[in-house]
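Please look over the sequence and the model below before reading on. The report that follows describes how the chain is arranged and which side chains meet.

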Amino acid sequence: MTTFDEREQAFERQFVHEEDIRFQERTRRNRLLARWACERMALGPDAASYFTDTFVAQTVPLDDEALLARLAMELAAAGTDEPVSVLRREMQRCAGLARAESRVGLALDQGSSP
């Protein structure tokens, strides 16, 4: 194997690794966002767990705007209307927390923002 081939494979492995990290961070962000929504909807533990699992599974392939629209719809259906600006801010907070957790390898979530 040539040096070029080895370098090419190293870059491919690095790309796969970085994409995996991005996927895990996005999934964690969506999970944190779903938990925040459960607090707003005042769901019990079982309902919150079901909602979180379902929300995460269904929103992984969505882009951010579709995810926000879905979250707004879920909150409105539960009688909790939140402006999109609040949802976007909370999503950004959850994304930052997910990135930080990824870097340190610990769950840092201590509740939602005020």
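The sections below go from the overall fold to the core and then to the paired side chains.

## Overall architecture

This is a predicted model, and its protein chain contains four helices and zero strands, so that the pattern read along the sequence is α-α-α-α. The radius of gyration of the protein chain is 17 Å, well over the 13 Å that the globule rule gives for 114 residues, and the chain is therefore more spread out than a compact globule. Along the principal axes, the C-alpha atoms of the protein chain fill a box of roughly 65 × 25 × 25 Å.

Of the 114 residues in the protein chain, 29% count as buried. When contacts between residues at least 6 apart in sequence are considered, 59% of them join residues at least 24 apart.

## Helix H1 and the residue that follows

Helix H1 covers residues 3-41, and its 39 residues reach 57 Å from the first C-alpha to the last, which is close to the 57 Å expected at 1.5 Å a residue. The buried residues of H1 include Glu25, Thr27, Arg28, Arg29 and Asn30 as well as Leu32, Leu33, Ala34, Trp36 and Ala37. These buried residues pack against H2, H3 and H4.

Just after H1 comes Ala42, with a positive phi of about 55 degrees, a value that Ala42 takes although it is not a glycine. Ala42 is found in the loop between H1 and H2, and with a relative accessibility of 68% it counts as exposed because this value is over the 50% cut-off.

## The nonpolar core

The largest nonpolar core has 19 residues, and those that touch the most other members are Leu33, Trp36, Ala37, Phe51, Leu71 and Leu75. The elements giving two or more residues to this core are H1, H2, H3 and H4, and the largest share, seven residues, comes from H1. If neighbours within four places in sequence are left aside, Leu75 is in contact with Trp36, Ala37, Arg40 and Met41, and also with Thr80, Asp81, Glu82 and Leu87.

A search of the whole structure finds one aromatic pair. The rings of Phe51 and Phe55 have centres 5.7 Å apart and planes at 20 degrees, and the pair is stacked because this angle is under 30 degrees. Phe51 and Phe55 both belong to helix H2 (residues 45-59), where they are four residues apart, or about one turn of the helix, and both Phe51 and Phe55 are buried.

## Salt bridges within a helix

Side chains of opposite charge can pair when their charged atoms come close. How many salt bridges does a search of the whole structure find? The search finds nine.

One of them joins Glu19 to Arg22, with the closest N and O atoms 2.3 Å apart. Glu19 and Arg22 are three residues apart in helix H1, and the two are therefore separated by about one helical turn. Glu19 is partly exposed, having a relative accessible area of 35%, and Arg22 also counts as partly exposed, at 45% relative accessibility.

A salt bridge also links Arg93 with Glu90, the closest N and O atoms being 2.7 Å apart. Arg93 and Glu90 both lie in helix H4, again three residues apart and about one turn of the helix from each other. Is Glu90 buried or exposed? At 2% relative accessibility Glu90 counts as buried, whereas Arg93 is partly exposed with a relative accessible area of 26%.

Because Glu82 lies in the loop between helix H3 (64-77) and helix H4 (84-104), while Arg40 lies in helix H1, the pair ties together parts that are 42 residues apart in sequence.

Both partners count as partly exposed, Glu82 at 22% relative accessibility and Arg40 at 29%. Both Glu82 and Arg40 are also among the residues in contact with Leu75, a residue of the largest nonpolar core.

Note on methods. Residues are numbered from 1 along each chain as its sequence is written. This is a predicted model: local features need pLDDT of at least 70, side-chain atom pairs count only at pLDDT 80 or more; totals for chains, interfaces and linings use all residues. Side-chain values use heavy atoms; hydrogens and water are left out. A salt bridge is a side-chain nitrogen of Lys or Arg within 4 Å of a carboxyl oxygen of Asp or Glu. Buried means under 20% relative accessible area, exposed over 50%, partly exposed in between (1.4 Å probe, protein chains only). Rings of Phe, Tyr and Trp (its six-membered ring) pair if their centres lie within 6.5 Å; planes under 30 degrees apart count as stacked, over 60 as edge-to-face and the rest as tilted. The expected span of a helix is 1.5 Å times one less than its number of residues. Contact means heavy atoms within 4.5 Å. A nonpolar core is a set of buried Ala, Val, Leu, Ile, Met, Phe, Trp, Tyr and Cys residues joined through side-chain atoms within 4.5 Å. The radius of gyration is taken over C-alpha atoms; the globule rule is 2.2 Å times the number of residues to the power 0.38.
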